[in-house]
Amino acid sequence: MTVVIGFEGSANKIGVGIIRDGEVLSNPRRTYITPPGQGFLPSDTARHHRGVILTVLKEALEEAGIKPDDIDCVAYTKGPGMGAPLVTVALVARTVAQLWAKPLLGVNHCIGHIEMGRLITQANNPTVLYVSGGNTQVIAYSERRYRIFGETIDIAVGNCLDRFARVIKISNDPSPGYNIEQMAKRGKQYVELPYTVKGMDVSFSGILSYIEVTFTSKMLTSDQCTAEDLCFSLQETLFSMLVEITERAMAHCGSQEVLIVGGVGCNIRLQEMMGVMCKERGAKLFATDERFCIDNGAMIAQAGWEMFRSGQVTELSDSWITQRYRTDEVEVTWRD
């Protein structure tokens with residue numbers, strides 16, 4: 001049996017997970033939460049991670065019921081992500097690997113999401129919609145690479161939701177996206193917003209600017225719509241764009257499976273809309289809940305497990321981090 005421990009900390013989540021041959025033994029995490037109206041800065045986020053990472057590591061080992069001697073490989077998030085938090089986690093992973101005399105593996109954050117989704121849902125060869133705070137991509141596997149068929153040309157969908165939450169002072173606890181989702185359920189009026197799909201790519205910054213300039217200053221103050229209406233309208237517009245480009249990628253690939261991964265992927269309304277499209281095409285939808293959609297250590301451990309079993313390791317001299325690490329840069333040596 002192969003046991004891999006994974007360290008994740010590319011944004012405001014810090015997690016340590018342990019995987020043993022496809023079984024999640026433990027997966028504790030902590031979230032850095034800022035006051036309403038504020039985002040999280042890299043330096044503050046890194047300080048938070050430094051303060052709790054050893055506690056989370058101890059929890060992971062205790063919950064899994066294993067000792068360092070039982071670990072076969074130490075995996076960590078190499079990128080993409082925020083520089084200071086990535087460095088913090090990489091330093092701890094490097095130190096642990098040397099103290100325990102274990103091989104080290106730098107993992108692409110996006111690949112971690114995909115491999116965790118494939119493990120949990122047992123999807124075979126899906127078209128992947130990867131939606132999070134820092135990334136928005138439509139992906140499909142071909143010839144030892146996860147190929148990007150479409151993506152955002154400006155900000156990620158999760159970043160758009162987070163910044164919208166800051167504009168109308170929605171709480172960041174437990175997350176802006178979750179609170180927007182709950183408010184959207186109470187929305188009754190659809191407000192037309194810019195819908196920007198350019199071929200296989202999407203753009204979200206214009207929607208955000210439109211809301212900031214037009215609605216927040218005029219419609220909310222004049223009672224023409226409520227904050228709940230705006231949340232509802234924003235979700236419907238953003239998710240419609242994502243469903244459109246996902247369906248187009250499915251048609252191109254001849255795929256009959258869709259897998260949604262990333263933090264925004266646990267949004268029930270997104271899953272519902274994607275499910276309708278899949279049903280109309282006779283396709284199948286795969287998705288997970290917040291345990292595995294939201295950034296976590298187990299997803300890094302799972303990708304590391306796949307990489308390690310295929311013969312990959314990262315030399316200590318090469319164990320840097322990179323904030324810009326694209327999904328299609330990784331050679332997928334563990335799939336046919």
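Mentor: Let us begin with aspartate 295, which sits in the loop between helix H9 (290-293) and helix H10 (297-309), where helices are DSSP runs of H or I of at least four residues, strands are runs of E of at least two, and both are numbered from the N terminus. This is a predicted model, in which local features need pLDDT of at least 70 and side-chain atom pairs count only at pLDDT 80 or more, whereas totals for chains, interfaces and linings use all residues. Residues are numbered from 1 along each chain as its sequence is written, and side-chain values use heavy atoms, with hydrogens and water left out.

Trainee: Is aspartate 295 buried or exposed?

Mentor: Buried means under 20% relative accessible area, exposed over 50%, and partly exposed in between, with a 1.4 Å probe and protein chains only. Aspartate 295 has a relative accessible area of 12%, so it counts as buried.

Trainee: With which side chain does the side chain of aspartate 295 make a polar contact?

Mentor: A polar contact is a pair of N or O atoms within 3.5 Å; within protein, one must be able to donate a hydrogen and the other to accept it, and residues adjacent in sequence count only if both atoms are side-chain atoms. Here the partner is the side chain of histidine 109, at 3.2 Å.

Trainee: Which residues does the UniProt annotation "binding site" cover together with Asp295?

Mentor: UniProt positions are given in the numbering used here, feature names are shortened, and annotations may be inferred rather than shown by experiment. According to the unreviewed entry, this "binding site" covers His109, His113, Tyr130 and Asp295. Although these residues are spread over 187 residues of sequence, they cluster in space, the largest C-alpha distance being 12.1 Å.

Trainee: Where is histidine 113 found, and what is it in contact with?

Mentor: Histidine 113 belongs to helix H3 (residues 109-121) and is buried, with a relative accessible area of 2%. Contact means heavy atoms within 4.5 Å; leaving aside neighbours within four places in sequence, the contacts of histidine 113 include Tyr130, Phe292 and Asp295.
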